[in-house]
Amino acid sequence: MKRSVPLASAVLWLAMPVHAAQIVTPAQASVSASSGGVITFSPVYTVSTPQDGTVTGLGIRIHFNSSALQFNGVSKRFAYGLLPAGDVSTDTENYDADATTDKYFILPWVDVSGQWPGGSELPLTLASVSFTAKAGFTGSTMIRVSASGTVDGAAFQTTPMTVSVATGNASLKLKGFLQGAYNSTDGQMRDSLRNAGLLPLAQPYGYLGHQGAETTTATLLNTTGVDAPVDWVLVELRDKANASNRLAAKAALLQSDGDVVDAATGSSTLTFADTAPGSYYVALRHRNHLGVMTASPPSLTTTPVLVDFTASATALYGADIRAQQGSTRLLPAGDASLDNKLIAAGPDNDKNAILAIVLADPANTGPHTNFQSAGYQFTDQNMDGKTLYSGPDNDVNGLLGNILLAPGNSTNSTNYILPGSLPQ
Ligand SMILES: [Ca+2]
Ligand SMILES: [Ca+2]
Ligand SMILES: [Ca+2]
Ligand SMILES: [Ca+2]
């Protein structure tokens with residue numbers, strides 16, 4: 001909030017060389033980068049309490065290690081009172097008290113009419129500074145800020161950004177079971193969609209905002225046995241600082257034995273091109289099952305670690321909404337309406353979504369509620385290639401079971417809502 005003061009006090013206030021501290025912090029405290037990759041440093045400006053509209057400009061130095069990072073330039077600079085950026089200089093005086101940061105450049109702003117942002121205009125991103133991690137450098141390096149000039153009397157506070165640079169890309173191995181396709185007798189998933197020729201060659205997750213060009217091959221789709229493709233899944237890497245923020249995604253094939261494999265090669269190592277080694281939450285999503293995500297962000301390097309969502313010991317982010325089959329865990333089926341919730345009765349329920357597809361099938365001339373609607377559809381909860389609302393092997397009973405057996409449904413009520421635990 002902008003400081004509001006009576007006129008007499010304001011005159012006194014302006015006369016006194018006392019200001020709130022000026023603070024510049026990076027938008028991200030740490031980033032991971034591939035060797036040769038681009039890093040963006042965004043200094044964010046604010047002032048300490050009391051927030052104070054009387055500060056009149058700022059000059060900052062951005063310090064970096066020139067053997068690790070190459071300075072590319074500055075964009076999106078806050079425009080008011082802007083002066084040209086300085087050239088890259090050698091940090092002989094070591095203004096930031098870090099001997100490893102040997103270079104700096106200055107970003108100055110002046111303010112002759114008292115319009116420098118304060119109060120509700122803060123925090124303010126001052127600029128977007130681009131660096132490239134130099135080929136040959138790996139490890140950790142810092143980008144720091146020091147003040148070349150603050151408003152008269154103002155203290156300056158800052159924190160650095162840690163840049164972790166590694167060669168190669170993040171990779172992992174992943175396992176999961178889909179309840180709808182799972183056969184508890186042999187502990188494998190049925191490959192009925194593949195067997196019926198219904199699995200598409202191209203990834204189907206455009207509706208989740210994934211525009212990847214992943215395709216598979218007729219050879220892989222002809223695989224039978226434990227490595228038979230059951231369906232496409234979507235694997236997401238999410239921001240360790242914000243679990244809702246997807247940083248990378250890869251559509252892949254899920255095999256009968258639970259392995260998630262590269263759709264093009266069949267490799268059980270999933271490598272995320274253009275994604276630096278680092279710590280990321282790992283999420284596994286499917287068209288009509290509730291998605292799951294790791295409770296914490298594992299470190300993903302070029303040596304793939306296994307994330308096994310079939311194991312009860314693998315902790316989930318949020319509530320553990322997985323279905324149970326002995327000690328095995330399964331992604332729960334039933335989200336025919338694609339809203340990340342399982343609902344069997346009442347508004348937006350998944351039963352109605354199933355019924356609607358059955359009744360809308362052009363071949364269902366009755367129409368009859370027990371019609372079998374063939375195809376690769378979200379409503380095919382048990383993944384047998386048909387959507388059934390009633391009768392043997394219908395797609396509703398699995399949903400009902402998940403609602404009635406949900407740990408939070410203490411009264412076994414059919415109108416209980418089971419929310420997904422994957423942050424949206
Ligand atoms: Ca330095
Ligand atoms: Ca396998
Ligand atoms: Ca739903
Ligand atoms: Ca079905």
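**Close-up views of a predicted model**

P123 lies in the loop between β8 (103–110) and β9 (124–125), and the views described below, like this one, are taken from a predicted model.

**View 1. The peptide bond between L122 and P123 is cis.** In the loop that links β8 to β9, where P123 is found, the bond joining L122 and P123 has an omega of about 0°. As a background to this view, most residues other than glycine have a negative phi, and most peptide bonds are trans.

**View 2. A cis peptide bond also joins G366 and P367.** Here omega is about -15°, and P367 belongs to the loop between α4 (350–360) and β28 (372–374).

**View 3. D348 has a positive phi in the loop between β27 (341–343) and α4.** The phi of D348 is about 60°, although D348 is not a glycine. Because D348 has 11 C-beta neighbours inside 10 Å, and a residue with 12 or fewer is classed as exposed, D348 counts as exposed.

**View 4. D393 is a residue other than glycine with a positive phi, near 60°.** The loop that holds D393 runs between β29 (386–388) and α5 (397–404). Is D393 buried or exposed? With 11 C-beta neighbours inside 10 Å, D393 counts as exposed.

**View 5. Three strands form an open antiparallel sheet in the order β3-β10-β6.** The strands β3 (38–41) and β6 (69–75) stand at the edges, and because each has a single partner strand, one side of each is left without a neighbour in the sheet. On average, and with direction ignored, neighbouring strands of this sheet are turned by 25° against each other. Strands of a sheet pair through backbone hydrogen bonds, either parallel or antiparallel. Between β6 and β10 (residues 128–133) the antiparallel pairing extends over six bridges, and V74 has V129, in β10, as its bridge partner.

Key. Residues are numbered from 1 along each chain as its sequence is written. Chains are lettered from A and ligands numbered from 1 in the order in which they are written. This is a predicted model: local features need pLDDT of at least 70, side-chain atom pairs count only at pLDDT 80 or more; totals for chains, interfaces and linings use all residues. Two strands pair if DSSP finds at least two bridges between them. Helices (H or I, at least four residues) and strands (E, at least two) are DSSP runs, numbered from the N terminus. Axes are lines fitted to C-alpha atoms, for helices over the stretch in contact, and angles run from 0 to 180 degrees between N-to-C directions. A residue is buried if 20 or more other C-beta atoms lie within 10 Å of its own, exposed if 12 or fewer, and partly exposed in between; C-beta atoms are placed from the backbone.
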